[in-house]
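Visitor: I am new to reading protein models, and I would like to be guided through this one by questions and answers.

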Amino acid sequence: MMARPIPAFIPALAPPLLLIGAWQAASATGLFPAQVLVPPSEVMRTLASLAVNGELSAHLGQSLFRLVFGFAIGATAGLAFGAALALSKWIEALFSPLFLAVRQVPVLAFVPVLVLLLGIEEGFKITIVAVAAFFPVALATFDGVRGVPKAWFEVARVYRTPLVPFVARILVPATVPPVLTGLRIALTRAWLVLVAAELLAADSGIGQMMEMGRQMFRIDVVLAGVIVSGLIGFALDRGAKWIERRATRWRTA
Amino acid sequence: MSMLLKRPPARIAIGLVVPVLILFWWQAQSQAGGARALAFVPLGSVATAFAELAGSGQLLDDALATLSRAVTGLLLGGIAGVTLGVVMATSRLVDRLVGPLYHAIRQVPLLGWLPLIGLWLGNGDGAKLLIVSLAAFYPTVLNSYEGITHVEKRYLDVGRIYGFTSVQRFRLILLPAALPLILTGVTQALAFAWIATIGTEILLGSGSGLGAAMGLAQAQQRMDVILVAILVTALLGFTLNDLFARLRGHLLRWQGASA
Amino acid sequence: MTAQSRISPTPPPAAPRSASGALTISSLSKSFTIDGKPLPVLDGIDLTLRPGEFVSIVGASGCGKSTLLRLIVGLDTDYSGEIRLDGQRIATTSLDRGIVFQDHRLFPWMTLEENVGLALLNTDIPKDRRAQIVADHIALVNLSGFEKAYPHQLSGGMAQRAAIARALVTEPKLLLLDEPLGALDALTRVHVQKELQRIWMAQRSTMLMVTHDVEEALYLGDRVIVMSPNPGRIRRIVEVDLPHPRDRSSPVLHRLRDEILTELTGAPDPANLVRFPGTEER
């Protein structure tokens with residue numbers, strides 16, 4: 001009765017395949033110098049050799065180490081600061097004007113400041129990742145905690161719930177969904193800023209690999225870096241969304 | 001004590017406590033001497049640098065260069081983004097064809113394109129503008145798509161009853177109904193375009209612009225100049241945002257207080 | 001779907017009368033498909049509306065009243081049987097037929113004036129006359145002075161009156177009202193009912209109103225169609241032989257209301273018995 005529908009992935013795969021095909025064909029014409037266009041097969045070969053000789057995993061390891069370390073610091077600080085800002089009127093009065101003002105500065109504008117303060121070593125990269133993660137997490141935590149209905153605080157007061165169970169049983173579960181969204185946004189933001197920082201000043205990492213590729217006119221290395229950084233970005237976003245879904249399942253269940 | 005928090009002048013004073021303490025601490029660091037003095041420049045020299053840069057017209061040139069780059073990129077990327085988002089939402093075929101490619105390309109960290117674009121276009125204005133436009137493009141595609149696909153059917157029914165042509169349906173129903181989300185996309189695009197402008201200027205480090213000034217000042221170890229550039233960047237960013245929020249409020253005045 | 005077309009026993013179209021707007025529904029059936037199984041919602045509906053008549057339909061939820069209106073207005077054309085307006089079979093939407101929904105469906109991004117005017121976009125009325133026609137209809141529903149207001153600035157009753165103006169501005173032969181006052185509070189409702197009666201008397205187009213308020217159905221209707229659910233069928237047709245404008249406290253209305261409520265619920269609702277005679281008009 002019904003014609004079997006074409007699976008959704010076939011039209012979805014068509015344009016990327018066409019693009020890769022056209023790219024391969026264009027580079028085969030020999031009209032473009034190798035600094036401008038290399039065939040996709042060449043990029044794949046480079047990617048494979050970088051993977052085999054361990055160069056890729058060394059760069060990737062460095063980048064991920066910086067990301068995890070910086071993100072952990074920035075997110076923890078953001079959580080604590082956002083919660084404190086939301087819970088205490090005094091802390092809000094003291095810190096929120098400064099917080100709002102500093103938020104106006106694009107994170108990358110801190111790069112020159114931090115380079116002068118910290119040099120271009122690991123400390124700088126971890127700090128810039130932490131700064132990038134701090135703001136979205138702090139903001140989401142503040143909004144999340146402020147979003148907890150006032151009635152719940154009143155219930156806790158009526159039953160004289162001690163602070164620890166109140167935080168563990170009421171505050172945390174209620175704020176988990178918005179905070180997780182904030183953490184996910186912070187994670188992709190941190191990845192963006194880290195790659196940018198590595199482009200500017202680093203002796204290792206995915207960003208540095210791409211920058212070296214550019215300086216040596218190795219477009220295959222640059223493209224390999226683009227692919228890897230895209231895959232990492234995708235994995236981070238998907239992974240965070242997966243955790244978000246699992247952790248907030250109780251809301252719909 | 002908490003009465004104090006309810007009085008606006010007192011609140012402002014309290015809000016100034018931490019920034020003033022930081023400034024004092026900074027000033028103390030600058031006088032401590034040694035290696036740190038290089039980074040912690042005296043506050044007086046920041047003011048001097050501001051006067052100097054503003055006086056020579058350098059600051060105005062840089063600010064205008066950054067501003068025009070951000071606005072041009074926002075317009076180019078925003079118009080392209082809204083167009084693609086709307087076309088994807090109205091045409092299943094385009095959605096199927098372009099959607100996956102869009103989502104794949106979007107995964108690459110924005111500034112990760114810089115080395116590639118640098119190889120292709122050099123590190124001049126073209127490369128910067130392309131990145132800034134791309135920054136504005138992503139969120140507008142996404143939000144316009146969402147806006148159009150979520151237009152309520154009950155409004156479309158009204159269009160059918162009065163025999164709307166497809167042009168009328170688009171102009172009088174789909175577009176205005178999607179406008180709130182489209183403008184949310186443009187708000188995000190503005191923020192991303194601003195970050196991308198400063199970022200590309202710092203990273204490519206050529207030509208004029210506030211980011212280029214910061215990059216140069218970093219190389220010359222002039223913290224005072226960096227701080228002036230950051231201050232101006234923050235003020236301009238805030239102003240742009242505020243102006244756009246007003247424009248948005250005007251365009252969405254039909255939403256009333258609930259919006 | 002068993003969309004078998006059968007020869008309907010519709011009489012040949014009546015001779016042209018002075019007023020148009022005669023609706024003929026014959027052997028109308030409609031079903032939805034839920035989980036692959038057909039679920040009948042309307043079954044064997046036969047109904048004729050005379051030009052200029054006001055007919056109300058009452059019935060419990062799920063009796064297919066709103067579906068019936070969607071079919072007549074032409075938003076849904078998947079049915080078996082016949083629906084004809086002045087002899088012409090209904091196949092799609094048309095400016096001949098206006099509709100007012102329970103939610104006013106004014107476009108929030110347009111002013112009242114623009115909302116009413118959009119109904120005229122695809123008519124052949126000359127552009128320079130449209131503004132006057134829109135103004136006349138805004139005046140008809142007593143909203144003059146609010147032309148530039150956005151829907152969020154109007155109260156529920158005003159918005160619903162604006163929706164009525166939009167539906168009437170094309171001077172449709174038939175106006176369909178799908179629980180038009182269902183979302184209004186009790187006092188506003190009484191007020192808009194009076195307005196609706198006045199508008200109908202001024203306009204005299206054929207009107208078909210769905211409601212679950214029996215009093216409202218009787219107060220406005222020349223006839224009241226009582227429907228039963230699962231699937232929707234016509235159970236009874238009640239003639240209300242009273243001239244307009246009507247007096248809400250008329251004993252005839254009172255008696256008919258008790259009859260219909262008994263029909264619908266099995267016994268007159270004591271709450272209604274107490275409330276109705278005391279209802280005072282403004």
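What follows is a conversation about annotated regions, salt bridges and surface charge.

Guide: This is a predicted model, in which local features need pLDDT of at least 70 and side-chain atom pairs count only at pLDDT 80 or more, while totals for chains, interfaces and linings use all residues. Residues are numbered from 1 along each chain as its sequence is written, chains are lettered from A and ligands numbered from 1 in the order in which they are written, and side-chain values use heavy atoms, with hydrogens and water left out.

Visitor: Which residues of chain B does UniProt list as "transmembrane region"?

Guide: UniProt positions are given in the numbering used here, feature names are shortened, and annotations may be inferred rather than shown by experiment. According to the unreviewed UniProt entry, the "transmembrane region" residues of chain B are 70–89, 172–196 and 225–244.

Visitor: How far apart are the end C-alpha atoms of residues 172–196 of chain B?

Guide: Helices (H or I, at least four residues) and strands (E, at least two) are DSSP runs, numbered from the N terminus. Residues 70–89 of chain B are 100% helix and 0% strand, with end C-alpha atoms 27 Å apart. Residues 172–196 of chain B are likewise 100% helix and 0% strand, and their end C-alpha atoms are separated by 34 Å.

Visitor: How many salt bridges does a search of the whole structure find?

Guide: A salt bridge is a side-chain nitrogen of Lys or Arg within 4 Å of a carboxyl oxygen of Asp or Glu. Over all chains, the number of salt bridges found is 39.

Visitor: Which residue forms a salt bridge with A:Asp237, and how many residues apart in sequence are the parts that the pair ties together?

Guide: The partner of A:Asp237 is A:Arg184, and their closest N and O atoms are 3.7 Å apart. Because A:Asp237 lies in helix H10 (residues 219–247) of chain A and A:Arg184 in helix H8 (residues 163–200) of chain A, the pair ties together parts whose separation in sequence is 53 residues.

Visitor: Are A:Asp237 and A:Arg184 buried or exposed?

Guide: Buried means under 20% relative accessible area, exposed over 50%, and partly exposed in between, using a 1.4 Å probe and protein chains only. Both A:Asp237 and A:Arg184 are buried.

Visitor: Which strands hold C:Asp43 and C:Arg233?

Guide: The side chains of these residues, C:Asp43 and C:Arg233, meet in a salt bridge at 2.8 Å, N to O. The pair links distant parts of the chain, 190 residues apart, with C:Asp43 in strand E2 (residues 37–49) of chain C and C:Arg233 in strand E10 (residues 233–239) of chain C.

Visitor: What is the relative accessibility of C:Glu82?

Guide: C:Glu82 meets C:Arg84 in a salt bridge of 2.8 Å, N to O. C:Arg84 counts as partly exposed because its relative accessibility is 26%. C:Glu82 counts as buried, since its relative accessibility is 12%.

Visitor: Which residues of chain C belong to the network of salt bridges that includes B:Glu152?

Guide: From chain B, the network includes B:Glu152, B:Lys153, B:Arg154, B:Asp157 and B:Arg160. Linked with them from chain C are C:Arg70, C:Asp103 and C:Arg105.

Visitor: How far apart are the C-alpha atoms of C:Gly117 and C:Glu195?

Guide: C:Gly117 is in helix H2 (residues 112–117) of chain C. Along the chain, C:Gly117 and C:Glu195 are 78 residues apart, and the separation of their C-alpha atoms is 21 Å.
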